[in-house]
Amino acid sequence: MIDIRYQNALAEVEEILQNTQEDLVAKIPNKIRQFIRENKNQEYMTSIVNGKLLNEQDILPETQSLLALIYRSYWATEEEKKEFAKKDSIELEKARESLKIDNTFEKRKEEVKIEETTSLIPVQEEKWYQKVWKKLCILFQRKR
């Protein structure tokens with residue numbers, strides 16, 4: 001089941017695609033368009049205004065993401081796709097570096113915790129007469 005936010009976003013995408021040039025819509029595979037039609041929220045009333053630019057309209061963030069995916073996958077030129085790929089590799093590398101840094105800090109925290117937990121606790125040994133006294137107390141309690 002698709003989340004209601006995405007169903008609303010699919011309704012907005014469908015509305016936008018209905019007002020888009022036919023040659024651009026034809027570049028989108030039929031399976032994708034069918035998925036949009038079948039999974040959109042039928043009762044959602046979009047606020048899309050014909051003739052107004054998309055960046056001036058109040059559309060859902062999920063709709064923006066879906067339109068960006070459509071643009072990137074089907075409408076972008078080869079040069080734009082190469083540029084997107086370069087930006088993706090840069091962002092991926094940044095994410096990997098931040099994970100490495102985060103992992104380093106986590107390892108250091110674990111090392112500190114291990115050192116703290118492995119410290120020995122001093123055990124006080126009972127003296128011989130304390131042991132005897134305890135045994136005698138146990139023995140006399142049983143007889144009562």
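Here is a walk through this structure, from its overall layout to a few of its residues.

The model is a predicted one, so to speak of a local feature takes a pLDDT of at least 70 and to count a side-chain atom pair takes 80 or more, while totals for chains, interfaces and linings use all residues. Residues are numbered from 1 along each chain as its sequence is written, and side-chain values use heavy atoms, with hydrogens and water left out.

Let's start with the layout. Of its 144 residues, 17% count as buried, meaning under 20% relative accessible area, with exposed being over 50% and partly exposed in between (1.4 Å probe, protein chains only). Take the contacts (heavy atoms within 4.5 Å) between residues at least 6 apart in sequence: 68% of them join residues at least 24 apart.

Now have a look at helix H4, residues 61-75. At 1.5 Å a residue, its 15 residues should span 21 Å, and its end C-alpha atoms are 20 Å apart, which agrees; the expected span is 1.5 Å times one less than the number of residues. Glu-62, Thr-63, Leu-67, Ile-70 and Trp-75 are buried in H4. Seen down the axis, the buried residues fall within an arc of 140 degrees, so they line one face of the helix; that arc is taken from the directions from the helix axis to the C-beta atoms. Their cover includes H1 and H2.

The side chain of Glu-62 meets that of Arg-5 in one of them, at 3.5 Å from N to O. This pair links distant parts of the chain, with Arg-5 in helix H1 and Glu-62 in helix H4, 57 residues apart. Glu-62 counts as buried because its relative accessibility is 14%, whereas Arg-5 is at 43% and so counts as partly exposed. Another salt bridge joins Asp-88 and Arg-72, with 1.9 Å between the closest N and O atoms. Here Asp-88 belongs to helix H5 (residues 78-117) and Arg-72 to helix H4.

Asn-19 is partly exposed, at 42% relative accessibility.

Note on methods. Helices (H or I, at least four residues) and strands (E, at least two) are DSSP runs, numbered from the N terminus. A salt bridge is a side-chain nitrogen of Lys or Arg within 4 Å of a carboxyl oxygen of Asp or Glu.
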